[in-house]
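Subject: The structure, and what turned up in it

Hi,

Here is the structure I promised to send over. Have a look at it first, and then read on for my notes.

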Amino acid sequence: MSEKYAFGIDVGGTTVKLGLLSVKGELLDKWEVKTRTEDGGKNILPDIAGSIKEKMKEKGIDKSEITGAGIGLPGPVDETGLIRKAVNLGWDRNFNVAEELSELLDGMKVKAGNDANVAALGEMWQGAGKGHKDVIMVTLGTGVGGGIIHDGKIITGATGAAGEIGHIFIQEGEKDACGCGNRGCLEQYASATGIVRLLNQELEASDEDSMMRHVPVSAKQMWMAVEKGDALSVRVAEKFGYYLGTGLSIIAGVLNPEVFVLGGGVSMSGDIIMPFITKNFKEHVFHASRDTMIVRATLGNNAGIIGAAKMAID
Ligand code: ZN
């Protein structure tokens, strides 16, 4: 019997998203299980394996029809599937996730990768990067994550830390520390948290009236205020655009991708964010990269399961 299906798994700190895909990339079914992080996270992989076996039974799918399973994880994962301590999963040891999950699935082929890299692969395959092979995804959420796809493959790096775009040093003299311990990281200006930080600084600096003084301060609210022309919010958007646009120009200088795909919560605020980024990108980038496309992601939360399945199919 020929291989028709692949499973995609996206492990988060509270839920594990699972998907059943055709090898052509259609998402046939998706569901979730709870991430049980207690007891050193020892139940996480058995729960996933159990859920996949149950799904195969429910759908009447034979093992011979499955090409494999891919799993995206919140932490650095190397080429072989080895993860180094994923604290938010309760895992405090280094171990080979791909091998352990494969064993639990009775020898099914399993590939493991970092979640941001895997999402980038998903966007390349079926999302905003479709039709391209050199794609860089930047996820603008609570932090800033990234994934680099070159010639259709994830660039993992020596220790699984390639694509850690959020921690590129971009500002001298920053007083606040980034989550990573350094000061002046891109994430401190371009994440949703970073936007709120810049916004609060701007609000404290003067008594200037702003729509943001009358609503709960959030990145989402700020972009709505930008849309209505709120001067203070526009200034913050310009700062955000300066840092992110400049950051992308630095990355383009190294990797010269065909397209940047922007995902995560901040990208959901819509096309309003784009001109602030592209203006600074074009100003700072090397001329041969000036026409690099910068687009918003299209797969949303499904990027992880779709990219994970693609890893297993390749
Ligand atoms: Zn950092």
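Let me start with a question: does Asp-39 count as buried or exposed? With a relative accessibility of 53%, Asp-39 counts as exposed, because the cut-off for that class is over 50%. Please keep in mind throughout that this is a predicted model.

Asp-39 is found in the loop between S3 and H1, and its phi is near 55°, a positive value in a residue other than glycine. Asn-256 also has a positive phi, near 45°, and is likewise not a glycine. Its place is in the loop between H7 and S11, and Asn-256 is partly exposed, at a relative accessible area of 47%.

Now to the charged side chains. The count of salt bridges comes to 15. One of them joins Lys-55 and Asp-29, at 2.7 Å from N to O. Lys-55 belongs to helix H1 (residues 44–59) and Asp-29 to strand S3 (residues 27–34), so this pair ties together parts that are 26 residues apart in sequence. Lys-55 is buried, at a relative accessible area of 9%, and Asp-29 counts as buried too, at 18%. Both residues take part in a network of salt bridges that also includes Glu-58 and Lys-59.

A salt bridge also forms between Arg-296 and Asp-271, at 3.0 Å from N to O. This pair links distant parts of the chain: Arg-296 is in strand S12 (residues 293–296), while Asp-271 is in the loop between strand S11 (259–263) and helix H8 (274–284), 25 residues apart. Here Arg-296 counts as partly exposed, at 27% relative accessibility, and Asp-271 is exposed, at 54%.

Then there is Asp-78 with Arg-84, whose closest N and O atoms are 3.8 Å apart. Why does this pair count as a salt bridge? The 3.8 Å falls within the 4 Å cut-off, so the pair qualifies. Asp-78 counts as buried, at 15% relative accessibility, whereas Arg-84 counts as partly exposed, at 32%.

On to the aromatic rings, where the count comes to seven pairs. In one of them, the ring centres of Tyr-189 and Tyr-243 are 4.0 Å apart and the planes are at 20°, so the pair is stacked. Tyr-189 sits in helix H4 and Tyr-243 in helix H7, which makes this a link between distant parts of the chain, 54 residues apart. Both Tyr-189 and Tyr-243 are buried, and together with Tyr-242 they form one aromatic cluster.

Elsewhere, Arg-93 lies over the face of Phe-95, at 3.9 Å from the ring centre.

Arg-197 brings us to helix H5, where it is one of the buried residues, along with Gly-194, Ile-195, Leu-198, Leu-199, Glu-202 and Leu-203. The cover over these buried residues includes helix H4 (187–190), helix H6 (219–227) and helix H7 (231–255). H5 itself (residues 192–205) has 14 residues and reaches 20 Å from its first C-alpha to its last, close to the 20 Å expected.

Happy browsing, and do write back with any questions.

Best wishes

Methods: Residues numbered from 1 in each chain as written. Predicted model: local features only at pLDDT ≥ 70, side-chain atom pairs only at ≥ 80, totals over all residues. Heavy atoms only, no water. Helix = DSSP H or I, 4+ residues; strand = E, 2+ residues; numbered from the N terminus. Buried < 20%, exposed > 50% of the residue type's maximum accessible area, 1.4 Å probe, protein only. Expected span 1.5 Å × (residues − 1). Contact = heavy atoms within 4.5 Å. Phe/Tyr/Trp six-rings, centres within 6.5 Å; stacked < 30°, edge-to-face > 60°. Lys NZ or Arg CZ within 6 Å of the ring centre and 35° of its normal.
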